[in-house]
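Please look over the structure shown here before reading on. The paragraphs below then lead through it step by step.

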Amino acid sequence: MEKFDWSDLAFADKSAIKKLKATFIIAPRQISQNRFKQLLKENLNEANILLGISKEPYVLGLEGQLHFT
């Protein structure tokens, strides 16, 4: 498993991520265990999974979205 930090990747070469050919799941601050399992079951057989977890209290531009409350 590789770990990426967006702040390191924002202005760097993103080929390592592109090579994964992954399904990107933006994980909200609050997600139930059942929903997380459902997302894994739906996507894991299709491709690699790249899970985005926010370190900030909100994501600029997404702060009004229900799953980021």
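In which loop is Ile31 found? Ile31 sits in the loop between strand S1 (22-27) and H3, where helices (H or I, at least four residues) and strands (E, at least two) are DSSP runs, numbered from the N terminus. This is a predicted model, in which local features need pLDDT of at least 70 and side-chain atom pairs count only at pLDDT 80 or more, while totals for chains, interfaces and linings use all residues. Residues are numbered from 1 along each chain as its sequence is written, and side-chain values use heavy atoms, with hydrogens and water left out.

The chain holds 3 helices and 2 strands, which follow the pattern α-α-β-α-β when read along the sequence. Of the 69 residues in the chain, 14% are buried, a word that stands for under 20% relative accessible area, with exposed meaning over 50% and partly exposed in between (1.4 Å probe, protein chains only).

Ile31, with a relative accessible area of 34%, is therefore partly exposed. By contrast, Asn43, which lies in helix H3 (residues 33-43), is buried because its relative accessible area is 17%. Leaving aside neighbours within four places in sequence, Asn43 is in contact with Thr23, Ile25 and Ile49, contact meaning heavy atoms within 4.5 Å. Among contacts in the chain between residues at least 6 apart in sequence, 70% join residues at least 24 apart.
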